[in-house]
Amino acid sequence: MRSVEKQRRTEHGDEADALLGRVAQGDENAFAELYDAWAGRLLALIIRIVIDRSQSEEVLQEVMLEAWRRAPSFDPSRGTGRAWLVTMARHRAIDRVRSSQAARDREDAWQGYLPDSDVTAAEVEDRMEAGRVRDALDAVGEPHRTTIALAYFTGLTHTEIAERMGVPLGTVKSRIRDGMAKMRTHLGEQR
């Protein structure tokens, strides 16, 4: 069984050597035969390395183009055509994997610098809404504006606001209630 496998490999190697010799002379038919004979085998090897089929097919095309261009540099005394093609395919596949990994690494590195688009959109909306609330608060006027600002932005209780402003507690509650009603009206008109 081993001798049959060795013989088959030798025949394929000899076949590749002969085809590469003809391709080196610019024989397009020889290149078509080389492609037909080796594309499937090389693709299988490339897929094992790259995993992604579409990228593997691209790598195969690069390998076959390189074989066409570099066929004149093929030297059968240095190795078989089979080994030459397999080595090119393997190197190209590994280069593709490294390139893909480097691209992912670059993208991951930038993720920390780029704002999340959802966060950015939310910040823009929050700023726009805050601007609308400020406009509505300004439209309410005094003394409602100050009373509402103290209640919502300082965290003071109604009693503490009354003491700070020197007015009765009921007045603070009325100003907040009336001021909020005016703000709702103003905000409703802006929409």
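The accessible surface of the protein (Shrake-Rupley method, 1.4 Å probe) comes to about 12900 Å², and 52% of this area belongs to carbon and sulfur atoms. The model is predicted, so that local features need pLDDT of at least 70 and side-chain atom pairs count only at pLDDT 80 or more, while totals for chains, interfaces and linings use all residues. Residues are numbered from 1 along each chain as its sequence is written, and side-chain values use heavy atoms, with hydrogens and water left out.

The protein holds 8 helices and 0 strands, where helices are DSSP runs of H or I with at least four residues and strands are runs of E with at least two, numbered from the N terminus. Of its 191 residues, 28% are buried, that is, under 20% relative accessible area with a 1.4 Å probe and protein chains only.

Leaving aside residues up to four places away in sequence, Leu34 touches Leu19, Leu20, Val23, Ala39, Met64 and Leu85, a contact being heavy atoms within 4.5 Å.

Helix α3 covers residues 53-70, and its buried residues are Ser56, Val59, Leu60, Val63, Met64, Glu66 and Ala67. Seen down the axis of α3, these buried residues fall within an arc of 160 degrees, so they line one face of the helix, the arc being that of the directions from the helix axis to the C-beta atoms.

Methods
Expected span 1.5 Å × (residues − 1). Buried < 20%, exposed > 50% of the residue type's maximum accessible area, 1.4 Å probe, protein only.
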